[in-house]
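Hello,

I am passing on the structure below. My notes on it follow.

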Amino acid sequence: MSPISKSLTFGLLAALASTTAVASAQAQSTAPEIAVAVNKLARNLDPGRQTGNVDVRVYFSIYDTLIKRDFRNAPEVGVKLEPGLATSWSRPDARTLEVTLREGVVCHDGSPFNADDVVFTFSEERLWGGQSFYPRGRNYFSHLESVEKVDDRTVRFVTKAPDLILEERLTSYTSFIVCDEPWMAFQKDGVPFAEWMEAAFDEMKWAPVGTGPFKATGYRKNDFIRLEAHEGYWGGKPAVSAIEFKEVPEVSARIAGVVSGEYKMAVDIPPDQMEVVAGYDNVKSTSVSLDNTHVLVFNQTDPVLADKNLRQAMSYAIDRDALRKALWNDENYTPNGHQLASFGAMYSAERAGYTYDPDKARELVKASGYDGSTISFRLIDGYYLNGRDAAQIIQEMWRQVGINAELNFVESFKQVRSEGAQVYAWSNTYRLPDPTGAINVNWGPNAGIQKKYGFFTPPSEFNDIASSLVSIEDQGERKAKFQRMLDIFEDEMPMTMLYNPLVTFIMANDVEWTPYSLYFMDFGPDNFKLSLGQ
Amino acid sequence: MRFMTLSVVLIKLVRAFITIWIVASFAFVILSLTGDPVEILAGDDAPLEVQRYYEQKYGFDKPVWEQYLNYLGSLARGDFGISLSDETPALDLVLEAIPATLQLGFAALVFALVVGGILGTLAALHRNSWLDRAIMSVAVFGYSIPNFFFGIVLILVFAMVYRLLPSSGSGTWAHLVLPTVTLGTHLAATIARFMRSSVLEVLNQPYVRAAKAKGVPELQRLARHILPNAAIPVVTILGFRLGDIVAGSIIVETVFAWPGMGRMLVGAVTSRDLAVVQAILVLTAFTMVLANLLVDFLYGFLDPRVAEASDTRRRAGR
């Protein structure tokens, strides 16, 4: 045998074994705390500053709104509203909304919730005035005239013109109620509002004070955001004592973490991973089609695309059913026009929307005099789930009707819209169940596509209707005008629709949780439970 | 003993300064060419007012040359700017992430040294046996396997199938195991191979034979005579390979969601968070330049010929 004795060899092997030996995983704590793996953490927890999907899914648990939208029991058409921080509300006239506030609600800092918090949240200088601290608020509330405290439990909202959907607005973006005391502590005489607000923002962006089921107690960039249950929550006791949102950029690591029990839930699981997930019996998945549509934009100012026959042809050439089957297991849908069923009285079920008709597409190509030149189709690789696959399929569908497109991958929307833009992939979110929170934002007279990039120049009727929709009082007239607006939009064809993407979550079997069609993740006691016996 | 003249020191300082300036400018040019920070900060569908607000707040409405000058100006004052993604000073964020990276890097280094050293020694002592061949096969495997793939295989085996270890994240010692093994394996394989040939060479040295003839027990022979001498070439290559650990940490930290600097760099690049990228790059460049500078000065201090040589070279106009 070898010159060195066996004992030495074994000694070395033992040393080796001890270095690779593993400290056993930490003992499970008995307190129900959960971790949720997300692809990216919120950028901050201020509901006025950020409204991205990565942000709202975290801070939705920290704040409440006056009125809540019931996503779980949504009717077929329209939305169901339910009391939040307001127990009831009434309309003395079309321009006025009076809300009665809930009693006994406590903020995270222990201070009582009252009308002052609401008035501060909706104050002109904070949210909706011309120079408001949060410019984003103007997008939803610039038509407010005043927000006044009637008494400690009553607040009166008055709009400049009638606003039929003010209640819906109060359920959504920038309407999350912040408690005023910690903010007002930064106020100093002689210091401009924006200045002390900025100082307060810096101090509170990771330690905000709301009234929601959880309060934020910790943050580390690229690592975690920690929320702990708010003991005095008015809606009941949350099912867990703490939630830690962990940033796990790798899809496979997110799945592995749920399978191994490290995380209770994980977000953003692509459809092609569902087979992997199905192989583990301790994990289940749930999906929802978002109130967001993947679209293709046609630049009207481009000489080739200036002819609307060609734009219409490109839309008719797309077989959306085939796309959904191939990419989304046919679990999602394509809206019939720039509207959703949740628009309620504004929604028209009869509208055909963007249809597939290859013969018509060929006719329109002929009518347009298209010379077969290559059309650039720009997209940011990896930006939209399944975006690249969809683009390749669509490229082939266009080829079938005689349109030559070339895929150009770029890095940012700045490059997407730079010189030479012809067709590009984009998405539209329906932030409110109403055209004023959807098509108006993305395509209306103040939208970047008209004002900044100039890719869409509609007939003046389109813009007139868009501007008037905010204040038309008669529901029937409002709907008729909106439907007319959609007719113009589909005829002009500055964009076509593909589908509403599906967002998929995976979770441990004992989790009872329903996803919402906006990006909110609701961990409140009504929507999140851990089943017993596990 | 003679120290370098002031002018030599100055030239070295200027060179160091230019290096850092090039790195900083490079970061600026690459990032501003490829993305739009406001779009990433405010979201692509943000109203124009919001985009304008951020453009003004962070100076993106100014011409690029002016942005560049402002950027260099604040850099010169030690101000690395504000991270756009969460509006906090970039330097604070980076400093906060450094310990995690050091912890992982150090653990990987220790792992590589211990595992590589032991395996290499074993292979040498059992030259041409089945053990030697087995160890060297493992070493070739460890050297060739890409760490992003190896990491995912480890997650699959230890987190998903056997559920022994956490798949990702940080916080406990258990979290450190998989990323350490992933990051350290490549270096361990390298060390094992070097260690083997190095030990083999030492085994044939007269002093080892003499020690054996003298009747020194084998354990003592190994500890006193063989390993210390065999370690010299290994330590030398270690210096060259440390960079691999730094580079590897970028991938390994991303795969295992380890909250260190490598992952912060990846996140900052994808979100065009110029301030953070620049802080990481400039700090890294600064550390390297400073280390080189110190070594240069140290050489000059320890070995007067270096100082004199650079002095004469300068006088000769070279």
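In chain A, a hairpin of two residues links β4(A) to β5(A); strands here are DSSP runs of E of at least two residues, helices are runs of H or I of at least four, and both are numbered from the N terminus. Strand β4 covers residues 86-93 and runs antiparallel to β5(A), with five bridges between them. Two strands count as paired if DSSP finds at least two bridges between them. Within this pairing, S90(A) has E98(A) as its bridge partner in β5(A).

β5(A) also pairs with strand β7 (residues 154-159) of chain A, in the antiparallel sense and over five bridges. There, T96(A) is bridged to V158(A) of β7(A). Strand β5 (residues 96-101) of chain A has five of its six residues buried, so it is largely enclosed by the rest of the structure. Buried means under 20% relative accessible area, exposed over 50%, and partly exposed in between, with a 1.4 Å probe and protein chains only.

The model is predicted: local features need pLDDT of at least 70, side-chain atom pairs count only at pLDDT 80 or more, and totals for chains, interfaces and linings use all residues. Residues are numbered from 1 along each chain as its sequence is written, chains are lettered from A and ligands numbered from 1 in the order in which they are written, and side-chain values use heavy atoms, leaving out hydrogens and water.

In chain B, N147(B), F150(B), G151(B), L154(B), I155(B) and F158(B) of α7(B) meet L178(B), V181(B), T182(B) and T185(B) of α8(B) (contact: heavy atoms within 4.5 Å).

Regards
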